[in-house]
Amino acid sequence: MKKNIYNSKTSLNIDNLLPLAKNNETSIWVYDEKTILDKLKKLAMFDIIRFSQKSCSNISILKILKYNNVKIDAVSLGEIERSLIAGFSPNNNNIVFTSDLLDIKTINRIVDLNIPVNIGSIDMINQLGKFSPKHKIWLRINPKFGDGYNIRTNTGGENSKHGIWNIFEAIEKMKKFDFDLIGLHMHIGSGAKYINLVKVCDEMLNNVINIKKDIQYISCGGGLPIPYFPKEKNVNINNYFKLWNNTRKKIEKYLGHKIYLEIEPGRFIVAESGVLISQIRTIKKVNNRYFILVNAGFNDLIRPSIYGSYHHISLMPIDNRKLTNEKISYVIGGPLCESGDIFTQDSSGKIQTRLLPKAKIGDYLVFHDTGAYGSSMSSNYNSKPLIPEFLITKKNEIKKIRRAQTIKEMISLELL
């Protein structure tokens, strides 16, 4: 789906973005609340929407989700604390902790708050059971196959560290601690093909029948794709729901009571709500190639460098000049002292180019669909401070939801 900052149906248009860019000395993140709310409406047929917080953990974004009755999947102690600050209650399965291991500090907090644990390894059963027998748990099952748009986003099969391989071993180990098994969870990867989703549904049904345990919930995980490329289409949520709802009905018939169907997206809810705006600082010719270098690097947006991910890029002229139809092929990179700091590369690391209007120093580039795994994967590599975040609310008000980190703050934790 092509993004157009000049004729946008969202608030992510040049009238909002250009003044924000000009008022900040660094690159910036910007989110659109209306896009998030629209995505939630598309998922309303599911009994429970559980947000995969790792995709975007800003507390202001979490508050929007809390207000709209979304629940939280936390994968670290820090994410638990963020969700609590955002107003999520640990009661009624509102927060679930998902992991493949546990440390003592996290166990103590989980037990204190009575947060259900989505268990991904046999060792977790023993680790949790020593501190909290009869704890409410889920079991995350590795269905022995996986899928995804990239090998690094495949979360199933023998090459994945995620989930329990032998469900019967887990059930046997659980007996020692009398855990309260409330649900089964499966997630095979981000961007899985439809044919493999059918297989996951079959595996969920088979596991429910084979383990002979009563449960209340099933989770179909996350990984719903979004249209990053211009000609990609939106995922058919209705077909996705029908597939899982048919499975749910079979499980309900087998168990003799209602089963709640959860979906656990991150990217689908927030990716298209966000952009990264950076300023062009250098344009250089290297042999027959033109490079645009901007003031954002993979310390800010790492997805192109580790996955070869595509993000549509728009040019936003600083001087409001009218762009012509003339297009130039550019390689687009950042400021880091690292050859891999390139935003236009494929999954093998091969350099790609992007056709853009003729650019000038000082113009801005807008990287689209960065609301998921953008800011949340940022780092201080090359001692670069974290950049600010802004939210355009449903009332079209612009709020700063994270200020820029200072260099002094960045080094303040170090013992001098």
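Rings of Phe, Tyr and Trp (for Trp, the six-membered ring) are taken as a pair if their centres lie within 6.5 Å; planes under 30 degrees apart count as stacked, over 60 as edge-to-face, and the rest as tilted. The structure is a predicted model, in which local features need pLDDT of at least 70 and side-chain atom pairs count only at pLDDT 80 or more, whereas totals for chains, interfaces and linings use all residues. Residues are numbered from 1 along each chain as its sequence is written, and side-chain values use heavy atoms, with hydrogens and water left out.

Ring pairs link Phe46, Tyr240 and Phe241 into a cluster. In total, the structure holds eight aromatic pairs. One of them is stacked, because the ring centres of Trp138 and Tyr217 are 5.5 Å apart and their planes lie at 25 degrees. Trp138 belongs to strand S6 (residues 136-140) and Tyr217 to strand S8 (residues 217-219), so this pair ties together parts that are 79 residues apart in sequence. Strands are DSSP runs of E with at least two residues, numbered from the N terminus. Trp138 is buried, with a relative accessible area of 2%, and Tyr217 also counts as buried, at 13%; buried means under 20% relative accessible area (1.4 Å probe, protein chains only).

Phe177 and Phe179 form a tilted pair, with 5.6 Å from centre to centre and 35 degrees between the planes. Both Phe177 and Phe179 are buried.

A charge sits over a ring if NZ of Lys or CZ of Arg is within 6 Å of the ring centre and within 35 degrees of the ring normal. Lys39 lies over the face of Phe268, 4.3 Å from the ring centre. The charged end of Lys258 sits over the ring of Tyr260, at 5.1 Å from its centre.

Methods. Helices (H or I, at least four residues) and strands (E, at least two) are DSSP runs, numbered from the N terminus. Buried means under 20% relative accessible area, exposed over 50%, partly exposed in between (1.4 Å probe, protein chains only).
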